[in-house]
Amino acid sequence: MSPKIVELEQVFHRCDKLRAAGKRLVATNGCFDLLHIGHVRYLQAARALGDFLAVGLNGDRSVRELKGSGRPITKESDRGEFLGALQCVDLVTVCPQLRATEFLAAVRPAIYVKGGDYRSETLNEEERAVLKEIGAEIRLVPFEAGYSTSGLIDQICKSTR
């Protein structure tokens, strides 16, 4: 298992040490079910905004709640390992909750990144409240047109008929 994959309980202390050392922490979260080039470009853009990128990975149960009964395609331990293998990702933690509030409170990032398919006002209210409380800047990275996990799944299903 990658040393980049950290239990949520350890995230606060690890990130606290990095902030104390003057590092600018960036955080994002998501399902990252079938990793594709859109995800990689998004994570690289997020990492370029600071010194350290922490990724909150939706656990299997929360992915099912968000995406439906056929998801995730890839189990959380594999998704975490894929993310941890990327050079641009410094830390991965599985978030079993539907919302990223505990993850954000633990990381306390200077910058919180979401994809361009979001808008600041469409972010979850509880997550926005945590970000406001810690003074995090919300940045939206442009959406990579033509890349989506749902589209990839549809394409695979059509090719096997």
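Analyst: Cysteine 15 is buried, with a relative accessible area of 0% (buried means under 20%, exposed over 50% and partly exposed in between, with a 1.4 Å probe and protein chains only). Cysteine 95 also counts as buried, at a relative accessibility of 4%. This is a predicted model, in which local features need pLDDT of at least 70 and side-chain atom pairs count only at pLDDT 80 or more, while totals for chains, interfaces and linings use all residues. Residues are numbered from 1 along each chain as its sequence is written, and side-chain values use heavy atoms, with hydrogens and water left out.

Five strands form an open sheet in the order S3-S2-S1-S4-S5, with parallel pairing; strands pair if DSSP finds at least two bridges between them, and strands (E, at least two residues) and helices (H or I, at least four) are DSSP runs numbered from the N terminus. Strand S3 (91-95) and strand S5 (137-141) are the edge strands, and each of them pairs on one side only. On average, and with direction ignored, neighbouring strands of this sheet are turned by 25° against each other, where axes are lines fitted to C-alpha atoms, for helices over the stretch in contact, and angles run from 0 to 180 degrees between N-to-C directions.

Within the sheet, strand S1 (residues 25-30) and strand S4 (residues 111-115) pair in the parallel sense over two bridges, and alanine 27 stands opposite tyrosine 112 in S4. Helix H1 (residues 8-20) packs on the sheet and touches S1, strand S2 (52-58) and S3, contact meaning heavy atoms within 4.5 Å. The direction of H1 makes about 145° with that of S3. Helix H2 (residues 37-47) packs on the sheet too, touching S1, S2, S4 and S5, and its direction makes about 140° with that of S2.
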